[in-house]
Amino acid sequence: MSLTERLTGLPFRENFPIALVGLGHGAIHWTDAVFYLLLPALSTTLGLSYTETGALVSVFHFSAFGANFFSGPLVDLSGRRVIFQVLSVAIGALALMVMGLATTFFALAGLVVVLGVTSNLWHPPAISFLSNRYPKNRGYALSIHGLGASAGDTLAPLTAGALMAAFGWQQAAEISALPALAVAGILFIGLMRYETRKAEDTAARGVGLSEYFAGIRSVIANRAILGLCVMSGFRSMTQGGLLAFLPLYLANVMHSGPVMIGIAMAAMQVGGVIATPAAGIWSDRVGRRTVVLAGLTASTVLIASLTFLGNEAAFIAGISLLGFVLYAVRPVVHSWMMDLTPDHLGGSATSLMFGTQSGFSIVMPIIGGMLADQFGLASVFYMLAGTILMTNILTLGLPKERPAASAG
């Protein structure tokens with residue numbers, strides 16, 4: 001047995017598709033992270049209030065929510081899991097590039113709609129592709145998928161922050177789109193062979209309408225799945241609030257420049273890069289619920305403590321530690337959902353989860369913006385501590401599962 005197989009449970013060659021999907025997920029999060037980093041500069045340029053800036057983020061989540069009504073069914077009915085991954089990366093990158101040319105709120109909002117749609121178009125084909133291909137190593141495969149997201153979220157703020165300092169936010173948006181376009185090309189070349197290979201299983205070749213609707217009714221009727229979706233919705237609401245308001249807090253309260261804001265946002269993701277693979281492998285062995293509860297409990301304490309960290313260095317250290325525990329949970333929750341879902345409905349179950357997340361996340365930026373306008377940005381973080389506490393409570397009510405028993 002090779003070292004790779006001892007560490008991952010898979011031969012070296014079988015890690016190749018996992019790595020490519022992780023790279024694509026990194027590109028999706030790269031474009032999203034650049035958008036969040038642009039918020040302070042573009043809001044200043046356009047003279048937006050916190051409420052109006054939050055509304056732009058809500059537009060992102062609303063469009064992502066809408067995408068779930070067609071993305072999951074489209075994947076499950078067609079069985080095409082690779083081409084939709086390629087399209088989501090390429091179209092999102094083009095939207096980011098054009099964003100650098102936009103000069104009005106409504107033009108930006110239209111491009112943000114495209115970003116939101118492509119962001120959620122990615123997850124049903126990618127997660128169901130990995131889940132179906134690696135049923136006995138689901139936690140590991142989806143942890144690498146999550147690792148790609150954390151890597152993209154880490155590198156994008158550093159790069160975009162430096163580009164903004166050198167060229168301004170418009171050119172930073174245009175240049176930042178180029179690596180994501182390159183990744184779309186890599187995915188097309190590296191993964192399409194798995195799309196065109198003759199499929200022997202139902203999940204890979206798609207299902208009929210009657211079978212699909214019968215299956216989706218059983219998924220919606222599963223209380224454990226619905227509970228997991230609601231819990232994930234509160235977690236995503238908290239994460240989205242942090243991504244939207246941390247750059248604003250750093251710029252307007254701590255008076256950080258674009259480079260330091262980029263470093264701070266990257267620091268939050270570095271923790272996720274470190275923790276995500278370990279959390280995924282650990283959840284394959286001890287169960288999803290145990291790992292999720294540990295990460296959410298620590299996240300609650302850290303978010304509540306952020307505003308008490310009075311200097312920039314301490315604040316960035318706190319963000320980094322928060323990322324370690326908060327982002328480790330993400331792929332474990334996705335694995336938990338796939339454990340509970342029939343293979344041929346993986347895309348639609350993913351859409352159900354991400355639709356719930358987007359639906360919950362729509363209201364957070366607007367409410368947070370209104371709170372910030374009325375009471376200051378610190379009040380937003382107290383609200384976020386409350387939403388992550390609710391996530392803990394909901395997780396306690398979910399059934400204990402041993403993934404090893406349900407995988408495969």
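Guide: The structure holds one cavity of 30 Å³ or more. Here a cavity is a set of points, on a 1 Å grid over the protein atoms alone, where a 1.4 Å probe fits but cannot get out.

The model is predicted: local features need pLDDT of at least 70, side-chain atom pairs count only at pLDDT 80 or more, and totals for chains, interfaces and linings use all residues. Residues are numbered from 1 along each chain as its sequence is written, and side-chain values use heavy atoms, with hydrogens and water left out.

The lining of the largest cavity has 29 residues; each has an atom within 4 Å of a point. His29, Asp32, Phe60, Gln239 and Leu243 lie nearest the centre. By class, the lining has eleven nonpolar, 14 polar and four charged residues. Nonpolar covers Ala, Val, Leu, Ile, Met, Phe, Trp, Tyr, Cys and Pro; charged covers Asp, Glu, Lys and Arg; the others, Gly among them, are polar.

Which helices supply at least two residues each to this lining? They are α2 (15–46), α3 (50–78), α5, α6 (138–167), α10 (223–252), α11 (258–286), α13 (312–339) and α14 (346–375). The chain has 16 helices and zero strands. Both are DSSP runs numbered from the N terminus: helices are H or I with at least four residues, strands E with at least two.

Take α5, residues 105–133. Its 29 residues should span 42 Å at 1.5 Å a residue, and the end C-alpha atoms are 43 Å apart, which agrees. The expected span is 1.5 Å times one less than the number of residues. In α5, 21 of the 29 residues are buried. Buried means under 20% relative accessible area, exposed over 50%, and partly exposed in between (1.4 Å probe, protein chains only).

Pro124 sits in α5. Pro124 counts as buried because its relative accessible area is 0%. Val75 is 49 residues from Pro124 in sequence, yet their C-alpha atoms are 6.9 Å apart.

His255 belongs to the loop between α10 and α11. With a relative accessible area of 64%, His255 is exposed. Its phi is near 55°, a positive value in a residue other than glycine.

Across the chain, buried residues make up 59% of the 408.

Conventions
1 Å grid on protein atoms, 1.4 Å probe; cavity = no way out; pocket = protein on both sides within 12 Å on 5 of 7 lines; lining within 4 Å. Points joined across faces, edges and corners; volume = space filled by probe spheres on them.
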